[in-house]
Amino acid sequence: MDNISKEERSRVMAAVKQKDTKPEMKVRSFLHKHGLRYRLHDNKLPGKPDLVFPRFRTVLFIHGCFWHGHPDEQCKLARIPKSNVKFWKDKIRANRQRDDRNIKLLQDLGWNVVVIWECQLCNNAALDGLVFQIRSAPTLRDKDQKRSSAEEQP
Ligand SMILES: [Zn+2]
């Protein structure tokens, strides 16, 4: 199955990796500026969500469109390379199945799961929507937790 050249693989991976870290920083600073406090990469939770908002019982995944296979025909970032199509399709399908499983597990544990895609981050409207979505999530101890948000700072 693995007839993809080393060069091609590392070229794609390098291109994607750079893009992968930037969106997360953008989301983090935007949400922080809007007063949301979170934990990072909680590896005790399925799928190790990028951000966890304990107060809102919400986890957030910031998905790179390529690796996570953004199912949106308008998305330019999710296009499969023109060579080794099968290799990439299989790989990305497996990633999507894993994501779906993790989301289901998290929901079963009572978490609200929010996914934002890399290509949605270029406009602040999507980020505003994200703030709203997190803030309006049903919380477990709504009233108790209306105190200072500083408590959740790691
Ligand atoms: Zn996308």
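Tutor: Donors are N, O and S atoms within 2.8 Å of the metal (3.2 Å for Na, K and Ca); water is not among the atoms, so sites may look incomplete. The model here is predicted: local features need pLDDT of at least 70, side-chain atom pairs count only at pLDDT 80 or more, and totals for chains, interfaces and linings use all residues. Residues are numbered from 1 along each chain as its sequence is written, and side-chain values use heavy atoms, with hydrogens and water left out.

Student: Okay, which residues are the protein donors of the zinc ion?

Tutor: Look for atoms lying 2.0 to 2.4 Å from the zinc ion.

Student: What arrangement do the 4 donor atoms make?

Tutor: Four donors count as tetrahedral if all angles lie between 85 and 135 degrees; they count as square planar (and six as octahedral) if opposite donors are over 155 degrees apart and all others between 65 and 115, and anything else is irregular. Around this zinc ion the angles run from 100 to 117 degrees, so the arrangement is tetrahedral.

Student: How are the donor residues spaced in sequence?

Tutor: Written as a pattern, the spacing is C-x4-H-x4-C-x43-C.

Student: How many residues apart in sequence are the parts that Cys65 and Cys119 tie together?

Tutor: Helices (H or I, at least four residues) and strands (E, at least two) are DSSP runs, numbered from the N terminus. Cys65 sits in the loop between β3 (58-63) and α2 (85-108), while Cys119 is in the loop between β4 (112-117) and α3 (124-135), so the parts they tie together are apart by 54 residues.

Student: Is Cys65 buried or exposed?

Tutor: Buried means under 20% relative accessible area, exposed over 50%, and partly exposed in between (1.4 Å probe, protein chains only). Cys119, at 24%, is partly exposed. Cys65 has 0%, so this one is buried.

Student: Now the rings! How many aromatic pairs are there, and what sort is Phe66 with Trp67?

Tutor: Rings of Phe, Tyr and Trp (its six-membered ring) pair if their centres lie within 6.5 Å; planes under 30 degrees apart are stacked, over 60 edge-to-face, and the rest tilted. The structure has 5 such pairs. For Phe66 and Trp67, the centres are 5.1 Å apart and the planes at 75 degrees, so the pair is edge-to-face.

Student: And what about Phe87 and Trp88?

Tutor: Their ring centres are 4.9 Å apart. The planes stand at 85 degrees, so this pair is edge-to-face.

Student: Which strands stand at the edges of the sheet?

Tutor: Two strands pair if DSSP finds at least two bridges between them. The open sheet has 4 strands in the order β1-β2-β3-β4, with mixed pairing. Two of these have a single partner each, so one side is left without a neighbour: they are β1 (39-40) and β4.

Student: Which side chain does the side chain of Thr58 contact?

Tutor: Thr58 lies in β3 and is buried, with a relative accessible area of 0%. A polar contact is a pair of N or O atoms within 3.5 Å; within protein, one must be able to donate a hydrogen and the other to accept it, and residues adjacent in sequence count only if both atoms are side-chain atoms. At 3.2 Å, the partner is Asn112.

Student: Last one: what is phi of His41 near?

Tutor: Most residues other than glycine have a negative phi. His41, in the loop between β1 and β2, has a positive value, near 40 degrees.
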